[in-house]
Amino acid sequence: MSNGVDQLLSFHQQALRVRDQRQQVLASNIANADTPNYKARDLDFKAALQGALSGSPAAGGVTLATTSPGHLAGKAGLSGNAGLLYRTPAQGSVDGNTVDIDAERAAFAENAVQYEFNLTRITSQIKSMLTSIQG
């Protein structure tokens, strides 16, 4: 059962989770820029966020199995390769690596700015609620 506060913060909460997952994928690409045959990956943010908001396990995570009626239903983040796409290389390389370090750094920085935006929005919503409560 969700209340009004959960509904108000839900979008940005899910957006932060997906942004965090994408940041990890981009960091992995940057870390493996010199690894032969490494294939750059990325997360389709829009599809992953829509999946997370709708509760679809395919795009927003993996549904956890329960073995007892007393267990709480849960959802894990992206596990394995769920929701990840291969990035199309702009230019081929001799060693088979598809990481374009400049593109990865730009995507990493953009995702970090968007993450910060979502944090700022949640903070302002919470401050607004506190102001309403305190009068």
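Which residues make a nonpolar surface patch of about 300 Å²? The patch is made by I126, L130 and I133. Patches take residues with over 30% relative accessible area and no salt bridge, and nonpolar side chains (Val, Leu, Ile, Met, Phe, Trp, Tyr) are joined within 5 Å. Areas come from the Shrake-Rupley method with a 1.4 Å probe. A salt bridge is a side-chain nitrogen of Lys or Arg within 4 Å of a carboxyl oxygen of Asp or Glu. I126 lies in helix α4, residues 101–134. I126 counts as partly exposed because its relative accessibility is 36%; buried means under 20%, exposed over 50%, and partly exposed in between.

The model is predicted: local features need pLDDT of at least 70, and side-chain atom pairs count only at pLDDT 80 or more, whereas totals for chains, interfaces and linings use all residues. Residues are numbered from 1 along each chain, and side-chain values use heavy atoms, without hydrogens and water.

The protein chain holds 4 helices and 4 strands, in the order α-β-α-α-β-β-β-α. These are DSSP runs (helices H or I, at least four residues; strands E, at least two). Of its 135 residues, 27% are buried.

The largest nonpolar core has 9 residues, among them V18, F45 and L84. Such a core joins buried Ala, Val, Leu, Ile, Met, Phe, Trp, Tyr and Cys residues through side-chain atoms within 4.5 Å. Helix α2 gives the largest share, 4 residues.

The charged end of R19 sits over the ring of F45, 3.7 Å from its centre. The cut-offs are CZ of Arg or NZ of Lys within 6 Å of the ring centre and within 35 degrees of the ring normal. R41 sits likewise over the ring of Y86, at 4.0 Å.

Technical notes:
Patch = residues over 30% accessible without salt bridge, like charges linked within 9 Å, V, L, I, M, F, W, Y side chains within 5 Å. Buried < 20%, exposed > 50% of the residue type's maximum accessible area, 1.4 Å probe, protein only.
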